Amino acid sequence: MTGKVVKTGVAVPEGIMSEFQELIKTLGYRSRSRAFQDAIQLFITSNKWVRLSGRIAGCVVITYDHEEHEVEEKLTDIQHNFLDVISATMHIHLTKKYCMLIIALRGDVEVVKKLYNELSSVRGITNIQSAFTSVPT
Ligand code: NI
C-alpha cells in the first residue's frame, strides 16, 4: 500500500463487527486496520466495473430461495430481456431450498449495469456477486 494514511471512524452494526472480528482472527490478521484496508480494497475491486466504459465481460453469481414466490420466474424473465449480453447461464441446485445461478456476460457496460440492477432487486435473492473486466478494443 502506498500514500498517506487517513484515519476514519465508521459506525458498524454489532453483528457484522463480531463476524468480521472472528473472520480476521481465523485468517490470521494481527491488525484490525490492515483487515479494514483489505476489505475496502476488495470492495473497490469488486465494484469498480460500474465506472468502466465500453465493453466488459464477466459473470454474476446469484444465490436464491427457489421456494420464494416467483423468484425463479422473475430471474428468468429478466434474462430473456437481455439476450444480447448473456453468453450462458448455469443453474446449480444447492439444497432442497436454495439454487445458484451463474450468468456469464459480455457486452456494453451500461446494458450489463441495467441487467445487474434488475437482477439484484428481485425479492428472494440471498446473495449476488459479480466479477467483470473490461474487454480490450
Ligand atoms: Ni435449482
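Student: What percentage of the 137 residues in the chain is buried?
Tutor: This is a predicted model. A residue counts as buried if 20 or more other C-beta atoms lie within 10 Å of its own. In this chain of 137 residues, the buried share is 11%.

Student: Which pattern does the chain follow along the sequence?
Tutor: The chain has four helices and four strands. Read along the sequence, they give α-α-β-α-β-β-α-β.

Student: Is the chain compact or spread out, and what is its radius of gyration?
Tutor: The C-alpha atoms fill a box of roughly 45 × 45 × 25 Å along the principal axes. For 137 residues the globule rule gives 14 Å. The chain is well over that, so it is more spread out than a compact globule. Its radius of gyration is 18 Å.

Student: How is the chain divided, and what distance separates the domain centres?
Tutor: Domain 1 covers 14–48. Domain 2 covers 53–134. Taken over C-alpha atoms, their centres are separated by 26 Å.

Student: How many residues of H1 are buried?
Tutor: H1 runs over residues 14–27. Its 14 residues should span 20 Å at 1.5 Å a residue, and its end C-alpha atoms are 20 Å apart, which agrees. H1 lies largely in the open, because its number of buried residues is zero.

Student: Which residue follows H1, and what is its phi near?
Tutor: The residue after H1 is glycine 28. Its phi is positive, near 90°.

Student: What is the reach of H2 from first C-alpha to last, and is H2 buried or in the open?
Tutor: H2 covers residues 32–47, 16 residues in all. None of them is buried, so H2 lies largely in the open. At 1.5 Å a residue, 22 Å is expected. The reach is close to that, at 23 Å.

Student: Which element supplies the largest share of the largest nonpolar core?
Tutor: This core has 15 residues, and Val60, Ile62, Leu105, Val112, Leu115, Tyr116 and Leu119 touch the most other members. Strand E1 (55–65), strand E3 (98–108) and helix H4 (109–120) each supply at least two residues. The largest share, five residues, comes from H4.

Student: Which residues does valine 60 touch?
Tutor: Valine 60 is one of the core residues that touch the most other members. Set aside residues up to four places away in sequence. Valine 60 then touches Ile103, Leu105, Tyr116, Leu119, Ile128 and Ser130.

Student: Within what arc do the buried residues of H4 fall?
Tutor: The buried residues of H4 are Val109, Val112, Leu115, Tyr116 and Leu119. Seen down the axis of H4, they line one face of the helix, because they fall within an arc of 120°.

Student: Which residues of H4 are exposed on the other side, and what covers the buried ones?
Tutor: Glu110 and Asn117 are exposed on the other side of H4. The cover over the buried residues includes E1, helix H3 (71–80), E3 and E4.

Student: Is isoleucine 125 exposed or partly exposed, and which residues is it in contact with?
Tutor: Isoleucine 125 lies in strand E4, residues 125–134. With 18 other C-beta atoms within 10 Å, isoleucine 125 is partly exposed. Leaving aside neighbours within four places in sequence, its contacts are Ile62, Tyr64 and Ser120.

Student: Is alanine 131 buried or exposed, and which residues does it contact?
Tutor: Alanine 131 is also found in strand E4. It has 12 other C-beta atoms within 10 Å, so it is exposed. Leaving aside neighbours within four places in sequence, alanine 131 is in contact with Gly58 and Cys59.

Student: What value is phi of glutamate 70 near?
Tutor: Glutamate 70 lies in the loop between E1 and H3. Glutamate 70 is exposed, with 12 other C-beta atoms within 10 Å. Most residues other than glycine have a negative phi. Glutamate 70 has a positive one, near 60°.

Student: What share of the contacts with a separation of 6 or more joins residues 24 or more positions apart?
Tutor: Take the contacts in the chain with a separation of 6 or more. Residues 24 or more positions apart account for 72%.

Conventions. Residues are numbered from 1 along each chain as its sequence is written. This is a predicted model: local features need pLDDT of at least 70, side-chain atom pairs count only at pLDDT 80 or more; totals for chains, interfaces and linings use all residues. A nonpolar core is a set of buried Ala, Val, Leu, Ile, Met, Phe, Trp, Tyr and Cys residues joined through C-beta atoms within 7 Å. Two residues are in contact if their C-beta atoms, placed from the backbone, lie within 7 Å. The arc is that of the directions from the helix axis to the C-beta atoms. Domain bounds come from an automatic or database domain assignment. The radius of gyration is taken over C-alpha atoms; the globule rule is 2.2 Å times the number of residues to the power 0.38. The expected span of a helix is 1.5 Å times one less than its number of residues.
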